[in-house]
Amino acid sequence: MANSENITESYLGTIKIVKYNKPAKKNAIDVHMYVKVKEIFDSAAHDENISMIVLTGAGDYYSSGNDFTAALETPKYNISNILKEYITAFIKFPKILIAVVNGPAIGIAATTLALCDLVFASENSYFYTPFTKLGIVAEGCSTFTFPRLIGERKAAEMLLYNHKMSAKEALDCGFINYIYKTEELQSKVWDKIVEVSKTPQHSLTITKKLLRNSYHNDLLSANAKEIEELNKIWNKGNEYILEVFNKKSKL
């Protein structure tokens with residue numbers, strides 16, 4: 001398993017808690033973090049002692065999304081494949097996947113929330129997918145999941161026009177399940193999560209499979225097409241990627 005101190009793992013009973021742990025960079029996800037999370041998902045899928053995974057972030061951010069230095073430091077094909085496999089791990093994870101959004105979720109951190117089964121958020125969180133503003137394209141299957149989840153108009157606002165969605169708006173349009181006061185999130189959210197974890201695991205897993213069967217292949221297809229387009233951008237060279245990185249740093 002890949003080593004990364006920027007991803008931490010802990011347990012609450014049968015619940016595995018995975019935390020983006022790079023608060024100095026707003027939990028921006030680098031190559032090692034992508035690989036680590038993918039390996040955790042793959043391992044947990046076959047571990048009978050784990051009933052579900054909870055994703056969260058350290059500090060004030062859930063995650064500011066992709067660390068674009070990854071694209072500068074890693075061969076273009078590899079970064080595309082790493083991103084594709086990371087997103088595929090969300091798609092294929094058979095058990096319950098919950099996100100506890102403790103602050104802003106940007107880019108791939110926001111898009112992959114639509115692949116989670118439950119999303120709990122603090123009232124100070126927001127959801128921002130400024131792909132076109134950065135000169136890149138949507139990913140995380142969001143070109144499929146966003147219209148399906150929040151409707152065509154709202155998806156266009158998010159993915160084309162860089163709308164920053166507040167926690168309240170996200171709750172109102174069905175992007176997230178619950179909002180908590182920021183100071184109460186960590187003290188109250190776990191009661192609900194533990195309650196869910198007590199549901200018979202086989203029932204949850206089978207029902208999740210039934211729910212996803214009808215569009216599982218659509219998710220895989222959307223991921224492949226989005227990564228293909230993103231790869232074309234990586235192939236423009238490091239100068240263009242550095243320009244994207246500089247734009248992101250000013251968001």
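Modeller: Start with pairing. Two strands pair if DSSP finds at least two bridges between them. Keep in mind that this is a predicted model.

Colleague: Then which residue of β9 is the bridge partner of Ser-122?

Modeller: Tyr-180 is the partner of Ser-122. Three bridges link β6 and β9, and the two run parallel.

Colleague: What is the order of the strands in the six-stranded sheet?

Modeller: The order is β1-β2-β3-β4-β6-β9. The sheet is open, with mixed pairing.

Colleague: Why is one side of β1 and of β9 left without a neighbour in the sheet?

Modeller: β1 (7-12) and β9 (178-180) are at the edges and have a single partner strand each, so one side of each lacks a neighbour there.

Colleague: How many bridges join β3 to β4?

Modeller: Five, between β3 (residues 52-57) and β4 (residues 96-101), in a parallel arrangement. Take Ile-53: its bridge partner in β4 is Leu-97. On to β4 and β6: they pair through four bridges, also in the parallel sense. There, Val-101 is opposite Ala-121 of β6.

Colleague: Next, burial. Which residues of β6 point one way, and which the other?

Modeller: Buried means under 20% relative accessible area. Leu-118, Phe-120 and Ser-122 point one way, Val-119 and Ala-121 the other, and all are buried. That is five of five residues in β6 (residues 118-122).

Colleague: How do I read burial along a helix?

Modeller: An α-helix has 3.6 residues a turn, so residues three or four places apart point the same way. In α1 the buried residues include Val-37, Ile-40, Phe-41 and Ala-44. Val-31, Met-33, Tyr-34 and Lys-36 are buried as well.

Colleague: What span does α1 reach from its first C-alpha to its last?

Modeller: It reaches 22 Å over 15 residues, close to the 21 Å expected at 1.5 Å a residue. At the helix start, a side-chain oxygen of Asp-30 comes within 3.1 Å of the backbone nitrogen of His-32.

Colleague: Which strands form the three-stranded sheet?

Modeller: β5-β7-β8, in that order, as an open sheet with mixed pairing. β5 (105-106) and β8 (164-166) are the edge strands, each pairing on one side only. Two bridges pair β5 with β7 (residues 126-128) in the parallel sense. Ile-106 is opposite Tyr-128 of β7.

Conventions
Residues are numbered from 1 along each chain as its sequence is written. This is a predicted model: local features need pLDDT of at least 70, side-chain atom pairs count only at pLDDT 80 or more; totals for chains, interfaces and linings use all residues. Side-chain values use heavy atoms; hydrogens and water are left out. Buried means under 20% relative accessible area, exposed over 50%, partly exposed in between (1.4 Å probe, protein chains only). The expected span of a helix is 1.5 Å times one less than its number of residues. A polar contact is a pair of N or O atoms within 3.5 Å; within protein, one must be able to donate a hydrogen and the other to accept it, and residues adjacent in sequence count only if both atoms are side-chain atoms.
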